[in-house]
Amino acid sequence: METLTKLFKNNIRQYGMIIALIFIMVLFQVLTGGLLLKPINITNLILQNSYILVLAIGMVLVIITGHIDLSVGSIAAFVGAISALLMVNMHLSPVLAVIVSLLVGALVGAWQGFWVAYVRIPAFIVTLAGMLLFRGLTMIVLEGQSISPFPNGFQKISSGFIPDLGSGGLNLVALLAGIVLSVIFVINEVRDRAQHRKYNFDVIPQGLFIAKLVVLLVVINLFTYMLATYSGIPNILVLMFLLIVIYSFVMNKTVMGRHVYALGGNEKAAGLSGVKTKKVTFWVFVNMGVLAAISGLIFAARLNAATPKAGTNFELDAIAACFIGGASASGGIGTVFGAIIGGLVMGVLNNGMSLVGLGIDWQQGIKGLVLLLAVAFDIYNKNKRAV
Amino acid sequence: MSEVILEMRNITKTFPGVKALQNVNIQVRAGEIHALCGENGAGKSTLMKVLSGVYPYGTYEGEIRFEGNVCQFKDIKMSEELGIVIIHQELALIPYLSIAENIFLGNERASGGIMNWKETILQTREQLKKVGLKESPTTLAGSIGVGKQQLVEIAKALSKKVKLLILDEPTAALNEDDSENLLQLMLEFKRQGIASILISHKLNEISKVADSVTILRDGQTIETLDMHKDEVTEDRIISGMVGRDLTNRYPAHQSKIGDVILEVKDWTVYHEQQTGRKVLDGIHMNIRKGEIVGIAGLMGSGRTELAMSIFGKAYGKNITGQLFKDGRPIQNNTVNQAIENGFAYVTEDRKNYGLILMDDIKRNISLTGLGKLSSNMVVDDKKEILVAEEMRKKLKIKTPNILQKTGNLSGGNQQKVVLSKWIFAEPDILILDEPTRGIDVGAKYEIYSIINQLADEGKGVLVISSELPEILGICDRIYVMSAGRITGEVKREDATQETLMKYMTRTGGAQHGNTNQTV
């Protein structure tokens, strides 16, 4: 029991948000009379939140470097508009249009990265300007009107599902994916634990470790089962999954990721250790531009239209997701996984409150309080540990 | 002789593990200029912080009497009310406020919270006249030179009806004209009956203006000399400051010295903010393989600036001069280039410039050498752990495991992590800036052993240190710097603390040779 409380205390930040997420889910599951976790609603949750989660992945990198990006909503709208121009007005093939759109996102990111990294204008100002600039450009490109509809293939990004193997009944692909994931997951965890033991690092007790594995396996398979009973795996979920895996890998296992953390943790020390701080900052913004472009494409595909108002306030949701997920406003701390959990907390809150029938006024207020309390909780914990 | 205005008796101040001050006594007479001398770390600043209430009553032992009354200051405000004002080495002016606003900051001329600007400006003019500064009261403090800023600080002190003015290294950042001005001003205050305590490393200034001098060493009062009665020479003060012998605090070591590995020629560097001010002026120096070369110099002499400007121009503007490694000219234009050229720089400020405190030991050690631990940009975790473990054992880093945050380690262990990082980068030339600052004696010995070992591997090692015994204890050859120039080069056999201190306190560089004037 003592080890358990110690374990909990040391990892309260990491587990705290997961616990909060579970709490919120249970709460709304009860309040909505079981609607929240209905297979159709789970699929909906994924579709509704995908574009924010994609932004949160890029945003957490920006926040780790100690910056902020207020322009991502406008960039998403701008890229959505460009893609509509290409596909709807110019009849370009969706593949080509997507590639061009991503390039536009990268260019926009490079533009902002240049001002932040090399001219050293605070990111808050650069991206505030970008927020206005790209919103304006969106309206210019769209001439103030919505453009629609997109070609069918493009819409599939947001509305399609992975085709099933069998016919009728449960979706086999989804079930299989759950099992494969479970196996990979277990192998990984066991190997990690063995390595930690070998080097005499702290590990959690065996009983707890097995309990953790079992819980996670149940969650994964329950989740894929739910998907299987509806329409299977949404395309967008595969994209999201890939992004999460790739970015977690980049941030934890690659030189680039290490340099991002080092830069955010102590810019001067990182610079004197040979980290090319300007270059890293620049590329983090380029990356944000590309992810904002992806987010814009997903949103346009989901709406099946590019509108001048698309992406409004996305940046705020993405930033909130990062902070709820444990990122530090002064840089150096944060994880992709945390940002995703933070994004899900916001997403479930949104969805749950809508299901309960709470007005948009109350929803905004409650979300604001949740953000404030999550960060206050974080700071309280840090201070307690420091003493 | 006038009466005693300030008396500090048996002052003892301990920090965890260190006795910073031990039964220190000092008496300052009304209207005199009292100099306070001592090496870096002798306890001068600590003593002044006790006096001004930065360390409040209760955190030290001993008694302070000012104008005959026992004082128990709880904060700076209380000491200032009695007329004791400190002017710190780092100026505390707010650059975007005007001179007038700075002078009356916290002491505003106002009624009912409404500023009385007319009064503020008029009184500022009066104060500025007293210090001889011809600037408009509405000029921004950031737009005038350091010398003038110093005068503004003094004017600020005067506005508080100062009786005892404490100047901590007031001329460290000033050129000769401004320094001279300031000294004249101190003499003028003396005529008006204001007592001053002058903390300075520049002995010629002390002999010029001081009436008496108290010497501190290792937190103890050594002696107080009367400049008018006693036969006080600079040598006399120096021997008081350093008079301590070397015990075997340094591992025995015989260097195997090879060819010249680094040569620095005509290295000149300008200040980063105050363009036009030379921080380093025509430095020539070299390091040989297997040699440990020391740089001695007082704070502000340009030691760190030299190290950082060589290490990829990490400091300074308009850097000119050449670097030769193994006889071939090299370019160190960025930190990365310097690292590729085989340089390593262990900073004097490990918390702000050396470590990422929120990261663990492993990640700090691997940061510079990540390229060696990765293929296709993917870091090999296992290799990284092995490297960090090896360093932990080799350098005896005391920690439960290498996943500890470096912010939680003691100073000595933090320094070992920084050293590990650079040892892993496998440099040819190591520049160690204050490698044992803030480290306990046991860990110091271990660090010296590591330095010796690095030299034995054929690396060139440059050690910058404020502690003369340390320089004398571990270096084969010593360059002495003062005011951005090399004022002396001494072999270990020929070096004593006295000779080094003499070169260190030279102003104007070796070529002038007019520094031994006594008044």
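These legends walk you through close-up views of a predicted model.

**View 1. Chain A meets chain B.** Look for A:Phe201, A:Arg258 and A:Leu272, which supply 28% of the area that chain A buries against chain B, more than any other three residues.

**View 2. A salt bridge joins A:Arg258 to B:Glu384.** Here the two side chains meet at 2.8 Å, N to O. Across the interface of chain A and chain B, 2 salt bridges are found. The interface of the two chains also has 10 residue pairs in polar contact, with both residues at pLDDT 80 or more.

**View 3. The domains of chain B.** Now turn to chain B, which is divided into domain 1 (4-242), domain 2 (258-342 + 427-506) and domain 3 (348-426). Notice that domain 2 is written as two stretches, 258-342 and 427-506. The C-alpha centres of domain 2 and domain 3 of chain B lie 24 Å apart.

**View 4. Domain 2 touches domain 3 in chain B.** In this view, 18 residues of domain 2 of chain B are in contact with 16 residues of domain 3 of chain B. The two domains bury about 1500 Å² between them, 65% of it on carbon and sulfur atoms. On the domain 2 side, B:Pro427, B:Glu446 and B:Ile450 lose the most area to domain 3, together 30% of what that side buries.

**View 5. B:Arg437 and B:Glu348 form a salt bridge.** Their side chains meet at 3.5 Å, N to O. Between domain 2 and domain 3 of chain B the count is 3 salt bridges. The count of residue pairs in polar contact between these domains is 5, with both residues at pLDDT 80 or more.

**View 6. The domain 2 side, element by element.** Both β21 (429-433) and α15 (441-456) of chain B supply at least two residues of the domain 2 side that touches domain 3. The largest share, 6 residues, comes from α15(B). By class, this side of domain 2 of chain B has 10 nonpolar, 3 polar and 5 charged residues.

Key. Residues are numbered from 1 along each chain as its sequence is written. Chains are lettered from A and ligands numbered from 1 in the order in which they are written. This is a predicted model: local features need pLDDT of at least 70, side-chain atom pairs count only at pLDDT 80 or more; totals for chains, interfaces and linings use all residues. Side-chain values use heavy atoms; hydrogens and water are left out. Buried area is the accessible area (1.4 Å probe) that two parts lose on being put together, summed over both. A salt bridge is a side-chain nitrogen of Lys or Arg within 4 Å of a carboxyl oxygen of Asp or Glu. A polar contact is a pair of N or O atoms within 3.5 Å; within protein, one must be able to donate a hydrogen and the other to accept it, and residues adjacent in sequence count only if both atoms are side-chain atoms. Domain bounds come from an automatic or database domain assignment. Contact means heavy atoms within 4.5 Å. Helices (H or I, at least four residues) and strands (E, at least two) are DSSP runs, numbered from the N terminus. Ala, Val, Leu, Ile, Met, Phe, Trp, Tyr, Cys and Pro count as nonpolar, Asp, Glu, Lys and Arg as charged, and the others, Gly among them, as polar.
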